[in-house]
Amino acid sequence: METNNEGKFLGYRRHDGKVGVRNHVLILPTITCATQAAKQITELVHGTVSFIHQHGCAQVGVDYEQTFRTYVGLGTNPNVYGVIVLGLGCETHQARSVASEIAKTGKRVETVSIQDYGGTLSAIAEGAKAATKLVQEASAQMREWCDFSELIIGTECGGSDACSGLSANPAVGVVSDMIVEKGGTAILAETTELIGAEHLLAKRAKNERVAKRAYEIIKAMENRSILMGVDIRTGNPSPGNIKGGLSSLEEKSLGAANKAGKSQLNEIIDYAEAPTEKGLVWMDTPGHDIEQLTGMVAGGAQVVLFTSGRGTPTGSPIAPVIKISTNTPMFERMSENMDLDAGSIIDGKETVEDVGKRIFDEIGMVCSGKLTKAEILKQHDFGIWRIGPTF
Amino acid sequence: MKEENYRTIVMRPEDSVAVALEEIPAETKLTVTLPDKKTKEIIVKETILFGHKFAIIPITGGSYIMKYGEVIGKALRDIEEGEHVHVHNLEGVRGRGDKIVGN
């Protein structure tokens, strides 16, 4: 495949000017009760993707807003050509409201409601018919040369080990800086896994307001475990992290922060919110891999870099996830799931910059159409960060 | 005592631990390269697995343990030079709702 290393890749230009690296038709279930029907449509119609979830009803206040924002963000992600919003009818998160927000971007949207169409089978048939039309339209769109400045890259680490902070995370930091330098956007997330490293990020903040917000979101996250009266270590670091040599959350955080390279921190955004600034942006998400991945993709990330020390299959239905191992033994053990190896840094065979360059080249290939292991294996993970109780 | 060199890394001058980049058997005398390029001989007291840490200076119980030039937790007891540093003798200090009086 031909890619231009001068900072170009072959993407899909959308009506709102944004650029997709995939051309999916998304079947978006706004409520748990519609997820099975959505899944059936993806089995019937080639070119469609969907996801299973537990949300969309009996949520209130900020939790309602966060889930709504996530749905709209996923529907408007540039990797999506068109959307079938599939509702039940009686749920809190109304399919029509979600669809009308998505339609504002000029994207093709259809709404199907199970209760309006006489039941599951008829709704599946209706959704499948509409999806077929959209898939055929989508397939007629050609890729064109696009600039790296049009990319939003999500960065993530999961199943960390002591090598994460020495090899793969610093290498992703190099890539993050390269993307920023080319005028693109890099999202740092995982607020939980930045507890203990916030002072280092605050020092790099664009202004006082951003620095203050960094301390605020860290405090809010830390206070959740304090209010619950629990030791955050019961969940983080995880048993796998500990086996890999990480002893505390602070140690994990200091390694995780390396993913953000050395760029100025321009903005801090809410979960699933789209960045308004280019450059390095911090999205407030939990450390939970799937919830934060979903948040970044809802925020508009077209591609995600995911480093791992223990090995994980994590993928997204909407964005390609490039998996980077922190050590070579794991890369060999988990070769079915890992795309690139940064263990060469530990072995002294490559520098952090060498691996950064290799990851950058891979982004060009993946954004031009090369499939990641997670995509090939249909690893369509999905999870929304629920912050409130259900009523 | 075995005298063999194993690959280790010390990130910053302030650090009190080194990370083993390969498994180091117990009772090994090895040379650790410090960030200022000076070296230090350390006798590793117990097996250190790949990715795990050992103390490069004696650490007093209750004091902070440093890696990346930053605090990664507190020593639960005195830790000798060359001892494995992990969850049995280091504890994180952040997000500790269990330490709040009344809980």
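Student: Before we start, what are the ground rules here?
Tutor: It's a predicted model, so local features need pLDDT of at least 70 and side-chain atom pairs count only at pLDDT 80 or more, while totals for chains, interfaces and linings use all residues. Residues are numbered from 1 along each chain as its sequence is written, chains are lettered from A in the order in which they are written, and side-chain values use heavy atoms, with hydrogens and water left out.

Student: OK, chain A. Which domains is it divided into?
Tutor: Domain 1 covers 24–139 and domain 2 covers 146–376. Those bounds come from an automatic or database domain assignment.

Student: How many residues of each domain are in contact?
Tutor: 14 residues of domain 1 of chain A touch 14 residues of domain 2 of chain A, where contact means heavy atoms within 4.5 Å. The domain centres, taken over C-alpha atoms, are 29 Å apart.

Student: And what area is buried between domain 1 and domain 2 of chain A?
Tutor: About 1,100 Å², with carbon and sulfur atoms giving 61% of that. Buried area here is the accessible area (1.4 Å probe) that two parts lose on being put together, summed over both.

Student: How many salt bridges are there between those two domains?
Tutor: Zero between domain 1 and domain 2 of chain A. A salt bridge needs a side-chain nitrogen of Lys or Arg within 4 Å of a carboxyl oxygen of Asp or Glu.

Student: Then what's the count between chain B and chain A?
Tutor: Five salt bridges. Arg7(B) forms a salt bridge with Asp347(A), and the closest N and O atoms are 3.8 Å apart.

Student: How many residues does that chain contact take?
Tutor: 29 from chain B and 33 from chain A. Together the two chains bury about 2,400 Å², 55% of it on carbon and sulfur atoms.

Student: Switching to α10(A): how many of its residues are buried?
Tutor: Ten of ten, for residues 289–298 of chain A. Buried means under 20% relative accessible area, exposed over 50%, and partly exposed in between (1.4 Å probe, protein chains only). Helices (H or I, at least four residues) and strands (E, at least two) are DSSP runs, numbered from the N terminus.

Student: What covers α10(A)?
Tutor: The cover includes α2 (61–76) plus strands β8 (152–158), β9 (185–188), β11 (279–283), β12 (303–308) and β13 (321–325), again of chain A. Among the buried residues are Asp289(A) and Glu291(A), along with Leu293(A) and Met296(A). Following α10(A) comes Gly300(A), with a positive phi near 110°.

Student: What about Ile376(A), buried or exposed?
Tutor: Ile376(A) counts as exposed because its relative accessibility is 56%. Its place is in helix α14 (residues 373–376) of chain A.

Student: Now chain B. How many helices and strands?
Tutor: Zero helices and ten strands. Of its 103 residues, 46% count as buried, and the C-alpha trace spans about 50 × 25 × 20 Å along its principal axes.

Student: Where does Ile43(B) lie, and what does it touch?
Tutor: Ile43(B) is in strand β5 (residues 39–44) of chain B. Leaving out residues up to four places away in sequence, Ile43(B) touches Met1(B), Glu27(B), Thr28(B), Lys29(B), Glu81(B) and Gly82(B).

Student: Why does Ile43(B) count as partly exposed?
Tutor: Because its relative accessibility is 33%.
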